[in-house]
Amino acid sequence: MSAPQNLKMAVLIDADNVPRDCLKSVMEEIAIYGSPTIKRIYGDWTSPNIAGWKASLLENAVTPIQQYSYTTGKNSTDSAMIIDAMDILYAGKTDGFILISSDSDFTRLAIRLREAGMYVIGIGERKTPAPFIVACDKFIYIEVITSASKTDAPGEKKKPETSKSTREKEKPVEKTADNRKVTDGMIKLIADSVADLADDDGYTDLSNLGNLIIKKQPDFDPRNFGFGKLSNMLKHLPRFEVDIRTTPDPHVRPIYIKDLEA
């Protein structure tokens, strides 16, 4: 389920449509997908509504771009961000774009960038309209990112584990019917994707499966359902078999998935 690695990414942020307390967590998430060589945030910095961004921008080396609101009710920030995106595209120094906004006005921009061969990741709140979400190669919810960062915050002590034998701790996660967070529609999407990729024995590689699911539904993320990884999510769904195979290299253990109801 991985995106192309080591990409040079242009990160463009709509200050009017992103909560300012999320920037550090969002930049950490972006590092998973590539190197943010350009980091810009757009807004009318004379407005008191976005003045609170300053400290966060300094901590994350994000360049603020001033865009005055020339007319009441018109969002000139969007236009400035779109013009800059096209300039960056034609400069040919990036492999992809990360558009951080919950505004559907960037839908056409995402489509145009993908038409030019760019890898486009959208990041926004759950209120983001569907057209912008599906226009991206991948879409990540800010709520999921910030929730994960709070869980993994440094300095927090984990509760000591209850006494278990080493053998019990090393047991694979057992199948369970407790899949209330995973919708029937999501299970069907996974099953259909397994069928699309399955070999003669009904198995498909986990990485290929994850990539296909994201192509079909860009906002798919196991964290939306309370799981850190797709493999962990599938282990908890009785419908699917998770086969971890061995190879001559002990560090390489490919994972294959099979739909038991196929």
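In which sense, parallel or antiparallel, do β7 and strand β9 pair? In this predicted model, β7 and strand β9 (residues 255-259) pair in the antiparallel sense, over three bridges, and T204 has I257 in β9 as its bridge partner. The two strands belong to an open sheet of three strands, in which the order is β7-β9-β8 and the pairing is antiparallel. Because β7 (203-205) and β8 (240-244) each have a single partner strand, they stand at the edges, and one side of each is left without a neighbour in the sheet. From one strand to the next, the twist averages 30°.

Two helices lie across strands of this sheet. Helix α8 (residues 184-197) lies across β7, β8 and β9 and runs at about 55° to β8, while helix α9 (residues 206-216) lies across β7 and β9 and runs at about 80° to β7.

Parallel pairing is found among the strands β1, β2 and β3. Strand β1 (residues 7-14) pairs in the parallel sense with strand β2 (residues 34-43) over eight bridges, with G34 in β2 as the bridge partner of L7.

Notes: Residues numbered from 1 in each chain as written. Predicted model: local features only at pLDDT ≥ 70, side-chain atom pairs only at ≥ 80, totals over all residues. Heavy atoms only, no water. Pairing = 2+ DSSP bridges. Helix = DSSP H or I, 4+ residues; strand = E, 2+ residues; numbered from the N terminus. Axes fitted to C-alpha atoms, helices over the stretch in contact; angles between N-to-C directions. Contact = heavy atoms within 4.5 Å.
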